[in-house]
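Please look over the sequence and the three-dimensional model below before reading on.

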Amino acid sequence: MAPIPGSGLAKGLAVTLRTMTKKTVTEQYPDVLPDLPPRTRGVIGLFEENCTVCMLCARECPDWCIYIDSHKETVPAATPGGRERSRNVLDRFAIDFSLCMYCGICIEVCPFDALFWSPEFEYAETDIRELTHERDKLREWMWTVPAPPALDPGAEEPKEIAAARKTAEKLAATLAEPTEPTRPTGTTGTTEATESTGQTGPTEPTKPAGPTGPTEPTRPTGTTGPTGPTEPTGPTDPQGGQS
């Protein structure tokens with residue numbers, strides 16, 4: 001069956017008539033900013049304090065649009081006699097958004113959570129060379145990153161929070177313990193003898209009560225020792241006296 005002449009025009013006018021009766025959805029940008037979804041991929045924000053200059057993001061970028069420069073610094077030993085350590089210091093972190101394909105690989109591979117998606121999208125430039133933004137601009141975009149959604153109440157506790165909580169509990173238990181443990185009555189330890197009434201441990205040996213060295217012998221009562229001659233006694237008086 002051949003199409004009726006003018007049927008296409010009628011269908012188009014019907015669509016126009018239907019949309020004329022509906023409420024307009026045009027957003028008055030830039031006077032009214034759009035309400036973007038929370039996971040919008042606008043630009044990439046840099047949290048510089050977490051960056052360790054591991055170069056994973058630059059190596060995994062399929063467009064090679066991330067530029068990183070750094071140098072090494074020697075950190076003195078924290079304790080006397082300790083060993084000096086070296087650490088990487090970030091000098092430059094730049095992203096060329098004229099090459100970026102917004103794949104998010106750099107954010108996924110970062111092991112220290114230094115890169116985040118920001119919903120910011122107003123960064124158009126008149127010169128393409130100005131689309132390479134340095135770390136100062138990336139840090140400004142970091143503060144526009146929305147907060148992560150709340151965890152499910154029935155979800156497991158994150159490993160980082162669980163480890164930190166266990167460490168805090170152990171530290172609190174250590175501080176709560178007494179400094180000098182009390183010794184129970186009736187027993188003694190191996191350090192110093194206590195004045196308890198029970199048995200004693202292997203403490204300082206005591207001196208025996210017997211003779212210990214070649215001291216002067218004592219004279220027993222009623223006998224004379226070989227110390228010297230005794231004074232002779234004279235004849236006794238028959239009446240019981242001594243002459």
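**Cysteine sites and aromatic rings**

Cys-61 is found in the loop between α2 and β2 (66-75), where helices (H or I, at least four residues) and strands (E, at least two) are DSSP runs numbered from the N terminus. With a relative accessible area of 9%, Cys-61 is buried; here buried means under 20% relative accessible area, exposed over 50%, and partly exposed in between, with a 1.4 Å probe and protein chains only. The model is a predicted one, in which local features need pLDDT of at least 70 and side-chain atom pairs count only at pLDDT 80 or more, while totals for chains, interfaces and linings use all residues. Residues are numbered from 1 along each chain as its sequence is written, and side-chain values use heavy atoms, with hydrogens and water left out.

An unreviewed UniProt entry lists Cys-61, Cys-100, Cys-103 and Cys-106 under "binding site"; UniProt positions are given in the numbering used here, feature names are shortened, and annotations may be inferred rather than shown by experiment. Cys-103 lies in the loop between β3 and α3 and counts as partly exposed at 28% relative accessibility. If residues up to four places away in sequence are not counted, Cys-103 touches Arg-41 and Pro-62, contact being taken as heavy atoms within 4.5 Å.

The feature "binding site", again from an unreviewed entry, is also placed by UniProt at Cys-51, Cys-54, Cys-57 and Cys-110. Although this set is spread over 60 residues of sequence, its members cluster in space, and the largest C-alpha distance is 10.5 Å. Cys-54, in the loop between β1 and α2, counts as partly exposed at 30% relative accessibility, and it touches Arg-59 and Pro-111, not counting residues up to four places away in sequence. Cys-110 lies in the loop between α3 and β4 and is buried, with a relative accessible area of 15%.

How many aromatic pairs does the structure hold? There are 7 aromatic pairs, where rings of Phe, Tyr and Trp (its six-membered ring) pair if their centres lie within 6.5 Å, and planes under 30 degrees apart count as stacked, over 60 as edge-to-face and the rest as tilted. The rings of Phe-47 and Trp-143 have centres 6.5 Å apart and planes at 85°, so this pair is edge-to-face. It links distant parts of the chain, 96 residues apart, with Phe-47 in the loop between β1 (43-46) and α2 (56-60) and Trp-143 in the loop between α4 (135-142) and α5 (159-176). Phe-47 is partly exposed, at a relative accessible area of 23%, whereas Trp-143 counts as exposed at 57% relative accessibility.

Tyr-102 and Trp-117 form a stacked aromatic pair, 6.4 Å centre to centre with 25° between the planes. Because Tyr-102 lies in the loop between β3 (85-96) and α3 (105-109) and Trp-117 in strand β4 (residues 115-118), the pair ties together parts that are 15 residues apart in sequence. Tyr-102 is partly exposed, with a relative accessible area of 25%, while Trp-117 is buried at 18%. Both residues belong to one aromatic cluster, formed by Phe-97, Tyr-102, Trp-117, Tyr-123 and Trp-141.

Turning to the loop between α1 (7-20) and β1, we find Tyr-29, which is partly exposed with a relative accessible area of 43%.
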